[in-house]
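Subject: Structure handover

Hello,

The structure we spoke about is below, sequence included. My notes on it follow.

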Amino acid sequence: MSELGLTVFVVDDDPAMRNSLPRTLRMRGFEVEVFASAPDFLAQYDGKRPGCLVLDLRMPEMSGLELQQRLGDSARFLATIFISGHGGVRESVQAMKGGAMDFIEKPFRTSSLVERIEAAFEQVRSQLELQRKCADIRMRFDRLTAREAEIVARIVACPAEISSKEIGRHLGISPRTIDHHRARILEKLEVRSTAELVGLAVRMHRDCAEPLFDPVSPPED
């Protein structure tokens with residue numbers, strides 16, 4: 001059911017819920033960790049472990065909504081499912097606006113929660129895969145020298161003017177030098193053509209929300 005590295009974190013101040021729910025989830029193959037309060041969870045969660053947070057809405061010391069706010073970006077790979085016996089429309093809307101994946105009212109069927117946890121894991125898997133792909137693309141672009149990065153930036157900015165002669169004229173270097181750099185660029189980026197290069201740059205901007213290049217020092221041939 002679960003896989004290595006994905007955990008269900010149950011945060012609930014109700015002892016009966018902390019006893020019964022994790023036992024049921026473990027019987028269905030999930031790796032589960034249990035916390036009696038939001039501060040307990042904050043004290044032990046390092047922000048790096050992916051999974052699903054099954055979070056009670058109303059708890060003493062710190063509510064589920066307050067925990068959601070405190071986690072912020074550290075819960076990037078932690079899909080949140082709120083559970084509550086007293087939740088209203090306002091609380092559920094606030095939870096969803098805060099990035100929660102779902103909001104379930106108590107009492108609930110275990111099968112219903114399991115379906116939502118599986119959907120949460122699928123979402124997290126997709127996010128982790130996207131992170132891996134973005135890291136790979138970033139690594140390829142980081143291989144480029146400053147001059148190669150400048151040539152790629154020109155190709156992406158002006159796809160209608162990508163001949164070595166046109167690029168060389170714009171950058172003030174010879175077409176032969178551009179040809180040399182172009183061959184090295186394709187090799188470093190692991191692409192076979194200029195079209196693939198542009199496609200890779202588009203994915204970096206669209207899917208990874210990153211600038212193509214960080215500021216670089218003046219290029220050298």
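Val54 is in contact (heavy atoms within 4.5 Å) with Val8, Phe9, Val10, Val11, Leu21, Ile81, Ile83 and Ile117, leaving aside its neighbours within four places in sequence. The model is a predicted one, in which local features need pLDDT of at least 70 and side-chain atom pairs count only at pLDDT 80 or more, while totals for chains, interfaces and linings use all residues. Residues are numbered from 1 along each chain as its sequence is written, and side-chain values use heavy atoms, with hydrogens and water left out.

**Cores**

A nonpolar core here is a set of buried Ala, Val, Leu, Ile, Met, Phe, Trp, Tyr and Cys residues joined through side-chain atoms within 4.5 Å. Buried means under 20% relative accessible area, exposed means over 50%, and partly exposed is in between, with a 1.4 Å probe and protein chains only. The largest nonpolar core has 22 residues, and Val8, Leu25, Phe30, Val54 and Ile117 touch the most other members. At least two residues of this core come from each of β1, α1, β3, β4 and α5. Helix α5 gives the largest share, six residues.

**Sheet**

Helices (H or I, at least four residues) and strands (E, at least two) are DSSP runs, numbered from the N terminus. Two strands pair if DSSP finds at least two bridges between them. Five strands make up an open sheet with parallel pairing, in the order β2-β1-β3-β4-β5. The edges are β2 (32-35) and β5 (102-105); each has a single partner strand, so one side of each is left without a neighbour in the sheet. From one strand to the next, the twist averages 20°.

Helix α1 (residues 15-27) packs on the sheet and touches β1 (7-11), β2 and β3, with its direction at about 170° to that of β2. For such angles, axes are lines fitted to C-alpha atoms, for helices over the stretch in contact, and the angles run from 0 to 180 degrees between N-to-C directions. Helix α3 (residues 64-71) lies across β3 and β4 and runs at about 145° to β3.

How are the faces of β1 covered? Thr7, Phe9 and Val11 on one side and Val8 and Val10 on the other are all buried. Strand β1 pairs with β3 in the parallel sense over five bridges, and Val10 has Val54 of β3 as its bridge partner. With β2, strand β1 pairs in the parallel sense over four bridges; Val11 stands opposite Phe35 there. Strands β3 (residues 51-56) and β4 (residues 78-84) pair over six bridges, also in the parallel sense, and Leu55 has Phe82 of β4 as its bridge partner.

**Cysteines**

How many disulfides does a search of the whole structure find? The search finds one, a disulfide being a pair of cysteine sulfur atoms within 2.5 Å. The bond joins Cys134 and Cys208, whose sulfur atoms are 2.0 Å apart. This link is left-handed, with -90° about the S-S bond. Cys134 is in helix α5 (residues 110-142) and Cys208 in helix α9 (residues 194-208), so the pair links distant parts of the chain, 74 residues apart. Cys134 counts as buried at 9% relative accessibility, and Cys208 counts as buried at 13%. Cys52 is buried at 0%, whereas Cys158 is partly exposed at 21%.

**Helices α7 and α8**

Helix α7 (residues 164-171) and helix α8 (residues 175-189) pack at about 110°, their axes 8 Å apart. That makes α7 roughly perpendicular to α8, a label used for angles of 65 to 115 degrees (under 35 is roughly parallel, over 145 roughly antiparallel, and the rest oblique). Ser164, Lys165, Ile167, Gly168 and Leu171 of α7 meet Pro175, Ile178, Asp179 and Arg182 of α8.

**Backbone points**

The peptide bond from Lys106 to Pro107 is cis, with omega near -10°; Pro107 is in the loop between β5 and α5. Glu61, in the loop between β3 and α3, has a positive phi, near 75°, and is exposed at 70% relative accessibility. Glu190, in the loop between α8 and α9, has a positive phi near 60° and is partly exposed, with a relative accessible area of 47%.

Regards
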